[in-house]
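Have your viewer ready and try each task before you look at the solution.

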Amino acid sequence: MKIHKNIIIAFTALCPFIVNAQNDITGTWHGTLSVTPQAKLRVVFHIDPLADIKAKMDSPDQAAIGMPGELRFTSPDSVNLAFPAIGADFCGRLSEGAIKGKFSQRGISFPLELAPGDFEMNRPQTPVPPFPYSTEETAIPNPDAEGVILAGTLTIPANASNDTPLAVLVSGSGLQNRDEEIMGHKPFAVIADALARKGIATFRYDDRGFAQSTGDPAKCTTADNASDAAAALRHLRSSRRFGKSGIIGHSEGAQIAFMLAADGKTRPDFIVGLGTPAVRGDSVLVDQTGTALTMAGMPKEWTDAHLEALRKIYAAMIAGEKEVALRLAEERIEATKNIPQMLALSENLRSIPKTQNPWLIHFYKYSPADDIIKTSCPALALYGEKDIQVHPTLNMSAMERLNPKVKTKLYPNLNHLFQHAQTGAVSEYSTSEETVSPEVLADIAEWVSGFRR
């Protein structure tokens, strides 16, 4: 699951940090902000005066990529960038091959020096040819969604037959390509490679309306994404090229696996959930926010008060009481007007009752409980002990309570991406050279291999 925007908003409100700088005229520049002696954030600026969006910023340690900005001024030796959405700007001058300047956000400034290019990332697990298996570029229409054609890669192991198991890989929230690419990692490419080497076929695809897939993602909800996954599974089954077939999903994709297992029509032969949300969406978001605030050093009493307001606002929205939700947000803003560290965070509460984002509204209202209870096909649910996005204490215990037949496993020291981690913080996603723990890859392969005809 890509990082929920709520987390980014919470971090931005708490820490007047991020955002980046750009170069003299065009190109990519990178640098590191020293927010505190202990906290450092990498930033990347992309400048192209000829593009529609002339300045973009990446904060790879927060999984925030492509934040749009404004190119206010540029010359052969200086640049001025602004990122209004997060209240930040950067001014710098080119000197001896580097851009040296100041990054400011919400009244606080930090020195920032930028070097040409992006950060180099070592990703040793990313598959490189030659491969001991074959791949086919495949386009699959969704007959239940006008204009949607899913472009993807079918990975076929050597000596495949109609006994070969097949898994459709379903990505987490946010628009993602077929590799579920994030911060230089390609988890689905790594999973497909590992499974092919164990005699298992996979299909992974670009999300609706992203990369090479067509369709309009603007109004998509998790239910629409589930429809796409179901279409892919049905299409591949109809070819009769493979044996038993199922779903391997990550985060929202894992939730979709249980939705399809329970719908009575798709009937996957097996499912694997990686970091499956097993509680209603608002609980997931509140837990994510609480973890983010705690890790950012917010005092407990402030965190507790904010989370209580957040719970009440979501409850009002789920009950259809938008005006109540707006009133609760304004009350919280008023209560924190003299606490600068909290005020910006409180002001973000207004966005909940005002949002028109179909995906987010569906997410915080949807409870997966019934789908988990109704799942009767073999199901494997894997969790990372240090996952701060789909916390195992909250979700794995709910999974086991709702459906004891689901096989669960908790991996020590693994995060939401199933990498080995120290804290599970989003910042570790990019710094880790590991894409997916070999133990997890081996366990998935062993589980799916058991479904040969």
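The exercises below go from the whole sheet to one strand and its neighbours.

The model is predicted, with local features needing pLDDT of at least 70 and side-chain atom pairs pLDDT 80 or more, while totals for chains, interfaces and linings use all residues. Residues are numbered from 1 along each chain as its sequence is written, and side-chain values use heavy atoms, without hydrogens and water.

**Exercise 1.** Work out the strand order of the open sheet and find its edges.

*Solution.* Start with the strands, which are DSSP runs of E with at least two residues, numbered from the N terminus. Two of them pair if DSSP finds at least two bridges between them. Eight strands then line up as 9-10-12-11-13-14-15-16, with mixed pairing. Strand 9 (133–141) and strand 16 (407–411) each pair on one side only, so they are the edges.

**Exercise 2.** Find the parallel neighbours of strand 13 (residues 245–250).

*Solution.* First, strand 11 (residues 166–170) is joined to strand 13 by five bridges, running parallel; here Leu169 faces Ile248. Next, four bridges link strand 13 to strand 14, again parallel, and Ile247 lies opposite Ile271.

**Exercise 3.** Are the two faces of strand 13 buried or exposed?

*Solution.* Use the cut-offs: buried is under 20% relative accessible area, exposed over 50%, partly exposed in between (1.4 Å probe, protein chains only). In a regular strand, side chains alternate between the two faces of the sheet. One side of strand 13 carries Ser245, Ile247 and Gly249, the other Gly246, Ile248 and His250, and all are buried.
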